[in-house]
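Please walk through this model with the structure open beside you.

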Amino acid sequence: MSAGDDGSEAPKAISRCPICRKPSLKAHRPFCSKRCAQLDLGRWLKGSYVVTADPSEEAYPEPPADWKKE
């Protein structure tokens with residue numbers, strides 16, 4: 001535990017629920033409740049969250065040089 005200049009303990013960082021910003025609970029971490037966890041799952045399933053890819057990456061890589069097309 002770290003101490004401040006006056007000898008008091010430094011306050012712990014409080015993790016917050018990403019949905020409603022209330023303090024998270026150990027049973028539902030990182031959420032504060034089962035309700036917020038279910039809301040987040042619903043957003044993932046609906047496609048509200050998107051992980052973008054680098055547009056410079058090709059969808060299909062080039063075949064090896066010794067690959068023969070029949």
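Cysteine 36 counts as buried, at 2% relative accessibility. Buried means under 20% relative accessible area, exposed over 50%, and partly exposed in between, with a 1.4 Å probe and protein chains only. Cysteine 20 is partly exposed, with a relative accessible area of 32%.

This is a predicted model: local features need pLDDT of at least 70, side-chain atom pairs count only at pLDDT 80 or more, and totals for chains, interfaces and linings use all residues. Residues are numbered from 1 along each chain as its sequence is written, and side-chain values use heavy atoms, without hydrogens or water.

How many disulfides does the structure hold? It holds 0. A disulfide here is a pair of cysteine sulfur atoms within 2.5 Å. For cysteine 20, the closest cysteine sulfur belongs to cysteine 32, and 3.4 Å is too far for a bond. Cysteine 36 is in no disulfide either; its nearest cysteine sulfur, in cysteine 17, is 3.7 Å away.

Now the whole chain. The protein has 1 helix and 0 strands. These are DSSP runs, numbered from the N terminus: helices are H or I with at least four residues, strands are E with at least two. Of its 70 residues, 9% count as buried.

Finally, find serine 24 in the segment before helix H1 (34–46). Serine 24 is buried, at 12% relative accessibility. Its side chain makes a polar contact of 2.5 Å with that of serine 15. A polar contact is a pair of N or O atoms within 3.5 Å; within protein, one must be able to donate a hydrogen and the other to accept it, and residues adjacent in sequence count only if both atoms are side-chain atoms.
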